[in-house]
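Here are some notes on the model, for checking alongside the coordinates.

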Amino acid sequence: MLKLRGRGRSAVVRARFGFVAVAALVAGLTSFPVLGESAASAAPTPAPTGTVITTASTAFGTALVVGSGPYAGFSLYMITSDHGTTFGCTATPVTGPNGPQLCAGQSNDTNAEWPAITTTGAPIAGPGVSQGLLGTVTRTFEGVGGVGPSVTQQQITYAGHPLYLFDQAPGQVTGEGWDEASLPPWMGVWSLVAPSGLALPWTGTLTTTTIGGQTVLATPMFTGVGWIDFPVYSYSKDTPWHSACTGSCAISWPAMLTSGIPGVSHGLPPWKVGLLRSPAGTQVSYDGKPLYLYGDEGATMTAAGVPEATGSGNGLSLAGGTFALITLPPAGGGPGIPAVPSTTATGPGTVITATTTPFGTALVVGSGQYAGYSLYMITSDNETTFGCTATPVTLPFGLGPALCTGQSDDTNAEWPAITTTGAPIAGPGVSQGLLGTVTRTLEGVGGVGPSVTQQQITYAGHPLYLFDRAPGQVTGEGWDEPGLPPWMGVWSLVAPSGQALPWAGTLTTTTIDGRRVLATPMLTQAGWFDFPVYSYSKDNPWHSACTGSCAMAWPALLTSGHPGVTNWLSPWSVGTVRTAAGTQVSYHGKPLYLFGGEGITMSAAGAFEVTGSGNGLSVAGGTFTLVSP
């Protein structure tokens, strides 16, 4: 088990694939000295002393990273609530839901959520970085771990934005898109930083949520408890395609930004989504109205333990204008996710029910100690063949064993099985006829004691697993298990129909062996990576011929609506096709796939890269190839 660096609110997440450990091992980062100490001790001359800021390619575009010292290769972040010498990310603890929490601290302070990147001299611009945009601001930080005297250091700024660390190792991008709701004075959105000095956001998705009984426009954002649908707002002073919220207004009400054209879900029409230029970057609009998030968005917890945004910004006035929620007709369930009748049953078995998540209605546990916990499936499983095995496998790079599944309370397991002592029972919205069990032999909890035979619950033939640390969380959605036989698949929530419940997704491009190819950002323990997508030679336009065992090795790229696009891809080239797995994304009529066994390599800097290793592989009489845009 591993706590993400500085991310106290995320509690504990599972040490998936060993990405963090191997990157730290390669980089030699067994400890984190204050930035500049090791460089100063090793340098033969006293100059230059400044920290280098350079750029690197990420899943979201070219972004600023540290270029020297013990944090070389680490991604850098900014928050919308910082400006000048007023810091949303404060250097003194504030009281949060889990007690005192520290936003900013010294670079090596793992008590800090977002440690500052500091320098002992004027910061130095590396390739792609503007020296004129680099600067510093004086900050006073508490002693590391809250021990010892406070220190005064120079935090590096870029275009006036103080820069922060977040990740565990170089090459990772795990802090993109975090929303700091209801935690004064942080109350803002974190993002990577582009060389222009603007935020480098993800493409994003527009969806709907329900607030006060009304269906309103929203966007999924990541938080310490997983994904939450945050409502978006319009501003009465705006005119079509023009934002009037600037300066202090934009700090309290950050624009919903995008790196391309956002995706849509819940039946929203993609043609109503537009873009406009604003001082903060490319802002999303809907029906011509610029869209905003509320920095101090209220959050509450339902009786079932599900975190929800409250729409607390509705009707608030600022600078002569009023912000309002955008109400819509009630949303549907999304394509390929038909409703099922409610059923009732009684008995000693575990209840499986359904609840609303940021990605649609999904299966959750309905009884017992895991009531309210989200349930997941992996594409490499079926009822007789398990990609998520119950015996340890050896991680690459000499990191030792890892266990995919185990007993429900086994924290050594990445994805514990949800089990039952009797026939599973369908709660509201769940089909009793799709519920079943499969016999699994699971090792003793923590690897101690004898193995046990238990009945794992299945739904539409898919074994069901836990992942999150608390009820109501959705932190396992969309994880990709590359290069780790036999797991090698994509995890998703499970719809009441029995199909995967994916996110809307994004199509982008990446470079493989010098060739620009189509890709999609996927989440791994090391953060976001652009995974190449493939076409299959046996497919006809708008029809997928990859089924059965082919689909287990080559999972379809699925969507809950219509994916977004970035890197100058045309949204008109993107379509969808109905398949047995759900709604599959197509490009110029070609159904798109991920490769379950996608190759992973590590750069000299300790960053992970995908290799496009599925290109040219043949299955069932057809060949998979990378797709040029």
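Which residue stands opposite threonine 508 in strand 40? Alanine 519 does.

1. Basis. This is a predicted model, in which local features need pLDDT of at least 70 and side-chain atom pairs count only at pLDDT 80 or more, while totals for chains, interfaces and linings use all residues. Residues are numbered from 1 along each chain as its sequence is written, and side-chain values use heavy atoms, with hydrogens and water left out.

2. Sheet. Strand 39 (506-512) and strand 40 (515-524) run antiparallel and are joined by five bridges. Both belong to an open sheet of five strands with mixed pairing, ordered 17-44-39-40-41. Strand 17 and strand 41 (527-532) each have a single partner strand, so one side of each lacks a neighbour in the sheet. Strands are DSSP runs of E, at least two residues, and helices are runs of H or I, at least four, numbered from the N terminus; two strands pair if DSSP finds at least two bridges between them.

3. Threonine 258. This residue sits in the loop between helix 3 (248-252) and strand 17 (260-261). Threonine 258 counts as buried because its relative accessibility is 4% (buried: under 20% relative accessible area; exposed: over 50%; partly exposed: in between; 1.4 Å probe, protein chains only). The side chain of threonine 258 reaches the backbone oxygen of threonine 203 at 2.7 Å, and one of its polar atoms lies 3.1 Å from the backbone nitrogen of glycine 260.

4. Salt bridge. The structure holds one salt bridge (a side-chain nitrogen of Lys or Arg within 4 Å of a carboxyl oxygen of Asp or Glu). Lysine 272 forms it with aspartate 287, the closest N and O atoms being 3.6 Å apart. Lysine 272 is partly exposed, at 31%.

Conventions: Polar contact = N/O pair within 3.5 Å; in protein donor to acceptor, adjacent residues only side chain to side chain.
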